[in-house]
Amino acid sequence: MNGKYIKINFECLGLQILFSVISMGLYNDFFPDVVFSLFTAWLFLWTIHSTFWQLGNKERKMIKIMNKNRGENEPEYKQNRFKGAIIAVPFFAANFIFLIVSCVLNKDILVTIQSILQFSFVGFLTPVDDILGWNYFYPRFIVCVVMYLTCIIAYLSGSYNYSFFDKYFHKIVYKTKKDD
């Protein structure tokens, strides 16, 4: 695996820690937990999306340049559109393995760290009991899958240079003049 892909995974883990700390700092009783989590989880997933979108877009541009500069007998390079799924596996695996370890060992420190890492999604997670069962595992596993799917979708949309906000958001904010 290339060094930049390892750095991307460390960046995602760092962003997860950063947003967990920020979420804990912003947490209050004024907003319901679900509303709070919609905001903090959206911000976190947006940053993860941005990271993988930029990676997919950069690789698309590199392949375009390589195809322009290839020799006569060289085959045309094609971008693997689902490469984001492979690149994001270490990020998913780190979260999933830590979830399994915290669930199996059921040590207070591991459960606390797992809860801190996923604090951005606190409104969607069930409270922790003395006995960790499926009520503990399923919501946290779904959070891991949502983070992984965000990485895949972001790389895919970046490789096609498609951005929902660039395409539609400016039409909502800035109304175009109609030709009469």
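User: How do I read burial here: does Asn57 count as buried or exposed?

Analyst: Look at relative accessible area: under 20% is buried, over 50% is exposed, and in between is partly exposed (1.4 Å probe, protein chains only). Asn57 has 8% relative accessibility, so Asn57 counts as buried. Bear in mind that this is a predicted model, where local features need pLDDT of at least 70 and side-chain atom pairs count only at pLDDT 80 or more, while totals for chains, interfaces and linings use all residues. Residues are numbered from 1 along each chain as its sequence is written, and side-chain values use heavy atoms, with hydrogens and water left out.

User: Where is Asn57, and which residues does Asn57 touch?

Analyst: Asn57 belongs to helix H2; helices here are DSSP runs of H or I with at least four residues, numbered from the N terminus. Contact means heavy atoms within 4.5 Å. Leaving aside residues up to four places away in sequence, Asn57 touches Gly158, Ser159 and Asn161.

User: How do H2 and H6 pack, in angle and axis distance?

Analyst: Axes are lines fitted to C-alpha atoms over the stretch in contact, with angles from 0 to 180 degrees between N-to-C directions. H2 (residues 33–68) and H6 (residues 134–159) pack at about 35°, and their axes are 7 Å apart. On the H2 side, the contact includes Phe44, Phe52, Trp53 and Asn57, and these meet H6 residues including Met147, Ala154, Tyr155 and Gly158.

User: What about aromatic pairs, how many are there?

Analyst: Rings of Phe, Tyr and Trp (its six-membered ring) pair if their centres lie within 6.5 Å; planes under 30 degrees apart are stacked, over 60 edge-to-face, the rest tilted. That rule gives 14 aromatic pairs. Take Phe19 and Phe44: the centres are 5.9 Å apart and the planes sit at 55°, so this pair is tilted. Phe19 lies in helix H1 (residues 3–26) and Phe44 in H2, so the pair ties together parts 25 residues apart in sequence. Phe19 and Phe44 are both buried.

User: And what kind of pair do Tyr27 and Phe36 form?

Analyst: Edge-to-face, at 5.3 Å centre to centre with 75° between the planes. Tyr27 is partly exposed at 31% relative accessibility, whereas Phe36 is buried, with a relative accessible area of 6%.

User: Which residues do ring pairs link into a cluster?

Analyst: That cluster is made up of Phe92, Phe96, Trp134, Phe137, Tyr138, Phe141 and Tyr148.

Methods. Helix = DSSP H or I, 4+ residues; strand = E, 2+ residues; numbered from the N terminus.
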